[in-house]
There are 2 protein chains.
Amino acid sequence: MTDAEYVNIWMRPERPARGPKPAYSRAQITEAAVRIADAEGLEAATMRRIAAEIGAGAMSLYRYVPSRDNLVELMADRLMGEIDVTGMPSGDWRADLTRYADGLRAMWLRHPWIATVQRSLPSFGPNQLLLIERLMGVLDVFVSIDENLSLMAMLNSYIEGTVREEISSAKEFRRSGLSESEWMARSYPYVDRLVKSGEYPIFTKIVMEARQPHLSRDDQFRYGLQRILDCIATALPSTAESLMSAHREGREEQDGSGQTHSQPSERSSRAK
Amino acid sequence: MTDAEYVNIWMRPERPARGPKPAYSRAQITEAAVRIADAEGLEAATMRRIAAEIGAGAMSLYRYVPSRDNLVELMADRLMGEIDVTGMPSGDWRADLTRYADGLRAMWLRHPWIATVQRSLPSFGPNQLLLIERLMGVLDVFVSIDENLSLMAMLNSYIEGTVREEISSAKEFRRSGLSESEWMARSYPYVDRLVKSGEYPIFTKIVMEARQPHLSRDDQFRYGLQRILDCIATALPSTAESLMSAHREGREEQDGSGQTHSQPSERSSRAK
DNA sequence: CACAACCGCGTACGACGTACCCATTAGGAG
DNA sequence: CTCCTAATGGGTACGTCGTACGCGGTTGTG
């Protein structure tokens with residue numbers, strides 16, 4: 001097996017046995033890269049910049065990571081670990097999926113640059129694997145694995161699609177250095193031209209309606225999520241809607257502490 | 001208003017009045033860029049490469065487009081024009097949304113690089129505006145504009161999320177130059193190690209189940225789409241399920257020509 | 001007909017990822 | 001212990017990118 005024939009980054013051993021002690025580590029490099037990407041975007045996390053962040057020479061990073069792309073894979077998996085799915089098949093599937101959805105969304109909002117990396121086939125890093133186990137475990141007792149995959153794809157698509165929009169509008173405001181109202185004022189000439197043309201009645205309707213108070217982003221997300229969960233409910237056997245204690249007892253012994261589902265560990269702040 | 005103060009690319013006039021006749025055009029440049037991106041990916045569509053494609057000098061492009069980012073915006077809107085939504089509020093909302101979904105998915109599959117551009121706030125190019133009018137017009141008679149936005153966000157999220165997965169797996173196979181079975185053979189050591197560890201029962205289930213014949217990608221998409229449409233149906237008033245002719249007659253007088261709005265001044269060609 | 005606006009485009013600059021090389025370090029064999 | 005050798009940190013250099021700047025030629029307008 002030649003040097004570059006590892007199937008993915010997780011198969012490549014971090015450290016050989018011989019030679020001098022490495023001064024850094026993959027985890028340390030990944031952490032620094034995430035820190036930079038959070039603060040200045042993924043494109044700012046260049047090899048030179050990351051190396052400077054940890055006090056290393058630029059080329060030293062390549063002793064730990066074969067390429068920048070692979071480093072980004074490490075960063076992505078590192079992020080998956082932030083989603084709290086402990087004790088996840090709790091027996092209340094709606095609560096579980098809601099907690100997962102909130103956690104995933106919050107993670108994306110903390111690390112918006114994740115939207116710009118397109119995973120080339122899930123690389124199945126350790127954190128992602130754990131997430132899969134916990135998340136798919138939620139509906140595993142109710143539906144076939146294929147059905148489960150389909151439903152989770154739907155759920156994930158909703159979450160990612162929604163949060164992508166949040167991210168891109170936030171990014172646009174930051175890029176222009178304008179507040180939301182300033183930005184709207186700036187684009188007024190264009191919007192006004194479109195409205196005045198009379199050719200876009202529905203666009204006009206959206207623009208007009210947007211002036212009246214909308215739901216907060218959090219509430220919008222929750223509202224749509226409820227719809228998705230209702231949609232999932234229709235795909236489950238009727239027994240799934242009732243309490244799951246019977247199923248749980250059948251699968252594993254559990255005490256009656258009454259802790260059906262833990263509160264989401266962190267709630268995204270209702271902005272402004 | 002200084003030179004760079006245009007709110008977006010659509011406000012910046014393509015041609016001033018004075019001076020010599022330009023040898024090229026935005027449309028021509030955009031077309032060339034799309035052609036390159038289709039064949040070799042968006043990152044291959046560099047300014048130099050695009051210029052060479054149309055026989056121009058590299059810097060000449062900047063007479064037509066302020067920056068590469070803006071050119072990508074033009075490319076994205078050009079793609080929106082490929083989605084056929086003519087006569088779109090037809091009265092059968094399920095058929096309309098299905099046609100839109102198929103069209104959007106097919107467009108993404110023809111131009112997979114679109115997944116790598118994150119729109120910074122919808123830039124509302126002409127083709128996108130038309131698409132909004134037609135698509136949101138489908139449910140406009142049934143629900144409020146806010147509800148409509150929410151439902152369409154859900155639909156679009158599903159489509160984009162699903163097709164993103166198709167794209168990234170296709171890309172991985174192309175990147176590695178392996179067929180799907182070769183790729184699976186290559187990653188066998190890693191997958192086998194995970195399965196053998198016994199720590200990932202659901203991942204194991206997925207891997208095992210994947211050996212038996214699955215639905216085609218088309219059927220998977222259609223299947224999930226039906227679920228989404230069912231979900232949308234529950235948000236509509238009960239009258240919506242029946243034929244819509246009554247509603248259409250009630251809202252606007254219409255002759256039989258089917259030409260509701262003026263034709264867009266330029267239709268992008270359906271490639272190949 | 002002169003002038004200013006606009007054209008195409010050549011040159012140049014400061015980034016980027018990373019191939020290559022080198023002196024230095026440290027585990028394992030004798 | 002001493003060597004051998006693999007592995008280290010990192011400097012230099014190459015080919016790429018987007019694009020700022022400025023030039024000589026072209027053209028509509030006064």
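The surface near DNA strand D is made up of twelve nonpolar, six polar and eight charged residues; Ala, Val, Leu, Ile, Met, Phe, Trp, Tyr, Cys and Pro count as nonpolar, Asp, Glu, Lys and Arg as charged, and the others, Gly among them, as polar. This is a predicted model, in which local features need pLDDT of at least 70 and side-chain atom pairs count only at pLDDT 80 or more, while totals for chains, interfaces and linings use all residues. Residues are numbered from 1 along each chain as its sequence is written, chains are lettered from A and ligands numbered from 1 in the order in which they are written, and side-chain values use heavy atoms, with hydrogens and water left out.

**DNA strand D**

- Around DNA strand D there are 26 residues, the closest being Gly57(A), Met59(A), Arg63(A), Tyr64(A) and Arg48(B); a residue is near a strand if one of its heavy atoms lies within 4 Å of it.
- Of the atoms of DNA strand D that come within 4 Å of the protein, 52% are accounted for by sugar and phosphate.
- The side chain of Arg48(B) has an N or O atom 2.5 Å from a base nitrogen of DNA strand D, a polar contact being a pair of N or O atoms within 3.5 Å.
- Phosphate oxygens of DNA strand D are approached by side-chain N or O atoms of Tyr62(B), at 2.9 Å, and of Ser60(A), at 3.2 Å.

**DNA strand C**

- DNA strand C also has 26 residues around it, and Arg48(A), Gly57(B), Met59(B), Arg63(B) and Tyr64(B) come nearest.
- Met47(A) places a backbone N or O atom 3.1 Å from a phosphate oxygen of DNA strand C.

**Helix α4(B)**

- The 18 residues of α4(B) should span 26 Å at 1.5 Å a residue, which agrees with the 25 Å between its end C-alpha atoms; the expected span is 1.5 Å times one less than the number of residues.
- Helices are DSSP runs (H or I, at least four residues), numbered from the N terminus.
- Buried residues of α4(B) include Trp93(B), Leu97(B), Tyr100(B), Leu104(B) and Trp108(B); buried means under 20% relative accessible area, exposed over 50%, and partly exposed in between (1.4 Å probe, protein chains only).
- Among the elements covering these buried residues are α3 (68–80), α5, α6 (145–176) and α10 (217–233) of chain B.

**Phe124**

- Phe124(A) is not a glycine, yet has a positive phi of about 55 degrees; its place is the loop between α4 (93–110) and α5 (126–140) of chain A.
- Phe124(A) counts as partly exposed because its relative accessibility is 21%.
- Phe124(B) has a positive phi of about 55 degrees and is partly exposed, at 22%.

Technical notes
Helix = DSSP H or I, 4+ residues; strand = E, 2+ residues; numbered from the N terminus. Polar contact = N/O pair within 3.5 Å; in protein donor to acceptor, adjacent residues only side chain to side chain. Contact = heavy atoms within 4.5 Å.
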